[in-house]
Amino acid sequence: MGVSVDEAVSTGPVRDHTPPTRRFGGRGRSVLEIALLTVLAVVMLFPVLWMIETSIKENRDVYAIPAKFFDFTVTLDHFKDVFVASGGRSALSVSFLNSVVVAGVSTALATVLGVPAAWAYSRFAVKAKKDQLFFILSTRFMPPVVVVIPIFLMYRQFGLIDTKLGLILIYTAFNVPFTIWMMKGFVDEVPAEYEDAAMLDGYTRLQAFWRFTLPLLLPGIAATAVFALIFSWNEFVFAIFLTSSDDVRTAPPAIAGLIGGTTVDWGLVAAASVVFALPVLVFAYLVRKHLVAGVTLGAVRR
Amino acid sequence: MAGIEVTALHKRYPDGTVAVEHVDLSIGDGELFVMLGPSGCGKTTTLRAIAGLERQTTGDIHIGDTLVNDLPPAERDIAMVFQFYALYPHLRTRDNLAFPLRAEGLPKAEVRERVDEAARLMRLGPLLNRRPRRLSGGEQQRVALARALVRRPRAFLMDEPLTNLDAELRADMRTEIKHLQGALGTTMVYVTHDQVEAMSLGHRIAILNKGRVEQIGTPLEVYDRPASLFCAAFIGSPPMNLIEVEVADGKLRSQGGLVLTPPPGLPRDRCLVAGVRPEALEVTEPGAERSVPARVVSAEWLGDEIIYVVDHGGQRDVRVRMPPTVRFAADAPVGLRHTGGTPAVYDVSTEELVA
């Protein structure tokens, strides 16, 4: 999920608020800064721009040499092809639907499991709490690729290969530790006294959590869920190893599958990629404030 | 209203930390009882156990005649005020006050009546329609107090309620709480680490240290005869001078020659320390009557008084409280004279009061 997160928490607007340092002198530095940022922006954004352009070009313009930057006919045919095939829905649209289901359900599961766990770790004196939390975090230390083969073998035993349930379970497993850690920070920020006061007012501990702490945690939950959603949505390695049929496949392997035939319909690939990238951008935009809050968590005392 | 009995309270957390080693308290009906101690001494845990927010590992708690060990907080008929005021952020003052009553299921008319009464007592009229965010710290604490009042509980539990307020407001609220408790006559258990608060508020003070009660007594008892070296060092600002003494010819004699009247029943052949309050000593001109030689190390000019730190027989931290009119320069040779009565005497090895 690295790239998406970096985009979401882009330091651009934040940097504007920091007073310029005097090291290089005011004007000279800002010129240099703007120049470097421009170069960086062009390098970073050009592939995105090219993807968008390709998705709305006609096929002959896609392959035109020299490449056409501005002077081409705009068409939405590729986008139509993403969703509709001759005689019904396209295979890609099924993949997108699968992605929505898998990412949505795994995020919901991770949230439902992770938030109460985070609350418990924050509020109660648990035996060897630090060790437990470290152990939970440690499951995220290794790259997922490392465990693909064992998990593949395990899934084959349990009949989870090529099922959406299999993907949901593995994504949940990866998101729960993350949810616990991020939510624990948010729970720590909500004073435990609210729950104490509610308990003195006649509520049980769980009611106190549900009625008073949970509403205050909603922004944090939203931010955490978006991170989990982006991870599940973008995940490629497990998806390509553990699924094969068109009915089960999520969008990332499906889009990758478009490349590799005798001819590659680059227009379709680009359009599918745009459709794939949009939800993540929209979500990240909606909760951008909390994303920054999540990333800088603990840097500022309440 | 009811008294509170805490018997052999012990609290050990699952991670092995012992917050309360052994605490016995007998708090009278209508008493304002202060638990005083440094952070980590177990005072807050004891209070939370009384409230039912923590379950003690062993020991009994009675409120009135009821054994409350297994009762949830709501059924103990107590109200608690927290250091962080814990007003529900989404509710206006009026609803914050009404909340515990509605939770009890009281009829609307009575809720309104009780809220108005509490608001009048705490002078909250203009604040009733505001949310906590729009109240100052002092106002929030007044609302929190009112929120405790409306329940008409059998006892109030106060967990460092004034710590977050600035000094001036704190003094005002202190007076207000004392007055309120006196007027209502409700038992109040008040936890603080601030000795001034404890001395000015409490009918009785319990000094806690490392999960044990070091001393229980009225403010004057606690000040005059601290029960242990810990209490002696904790109460008073500056704290009591602890001067090593020997028993000789029926007198207590310090290394520097200061002679004190021994209390009766003093044990022999033990290492003893006399506790002498800074105001029980006097800095004089060198060679004055009944004085022993000393030297001024430094002086703190506090306006209404001067605290002299003097070197007396090698002990360089003897503090003496003097009126601001008596002035000696630093390093000046002076006399040191004991003007108080019989000092408290402690055994160095047990750290406890021996006579």
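Predicted model: local features only at pLDDT ≥ 70, side-chain atom pairs only at ≥ 80, totals over all residues.
Residues are numbered from 1 along each chain as its sequence is written, while chains are lettered from A and ligands numbered from 1 in the order in which they are written.

**Overall layout**

Chain A splits into domain 1 (8–79) and domain 2 (88–295), with bounds that come from an automatic or database domain assignment. Taken over C-alpha atoms, the centres of these two domains of chain A are 30 Å apart.

Chain B has 355 residues, and 43% of them are buried (20 or more other C-beta atoms within 10 Å of the residue's own, with C-beta atoms placed from the backbone). The C-alpha trace of chain B spans about 80 × 45 × 35 Å along its principal axes. Chain B holds eight helices and 20 strands; helices (H or I, at least four residues) and strands (E, at least two) are DSSP runs, numbered from the N terminus. Of the contacts in chain B with a separation of 6 or more, 66% link residues 24 or more positions apart. A contact here means that two C-beta atoms, placed from the backbone, lie within 7 Å.

**Strands in chain B**

One open sheet has five strands in the order β15-β19-β16-β17-β18 (chain B), paired antiparallel. Its edges are β15 (281–284) and β18 (315–322) of chain B, each pairing on one side only. On average, neighbouring strands of this sheet are turned by 45° against each other, direction ignored; the axes behind such angles are lines fitted to C-alpha atoms, for helices over the stretch in contact, and angles run from 0 to 180 degrees between N-to-C directions.

| Pair | Bridges | Partner residues |
|---|---|---|
| β15(B) and β19(B) | four bridges | Leu281(B) and His338(B) |
| β11(B) and β14(B) | five bridges | Glu244(B) and Val273(B) |
| β11(B) and β12(B) | four bridges | Glu246(B) and Arg253(B) |

A couple of these are hairpins. β17(B) and β18(B) have two residues between them, and Gly313(B) in that turn has a positive phi of about 55°. β11(B) and β12(B) also form a hairpin with two residues between them, with Asp249(B) in the turn at a positive phi of about 55°.

**Where the chains meet**

At the interface, 14 residues of chain A are in contact with 17 residues of chain B. Helix α10 (residues 193–200) of chain A gives the largest share of chain A's side, six residues. That side divides into eight nonpolar, one polar and five charged residues, counting Ala, Val, Leu, Ile, Met, Phe, Trp, Tyr, Cys and Pro as nonpolar, Asp, Glu, Lys and Arg as charged, and the others, Gly among them, as polar.

**Cores**

A nonpolar core is a set of buried Ala, Val, Leu, Ile, Met, Phe, Trp, Tyr and Cys residues joined through C-beta atoms within 7 Å. In the largest one, with 144 residues, Ala146(B), Leu157(B) and Val189(B) touch the most other members. Helix α11 (residues 205–234) of chain A supplies the largest share of this core, 13 residues. Not counting residues up to four places away in sequence, Val189(B) touches residues including Ile4(B), Phe33(B) and Leu157(B). A second, separate core of twelve residues includes Ala254(A), Ala271(A), Ala272(A) and Phe276(A).

Technical notes. Pairing = 2+ DSSP bridges.
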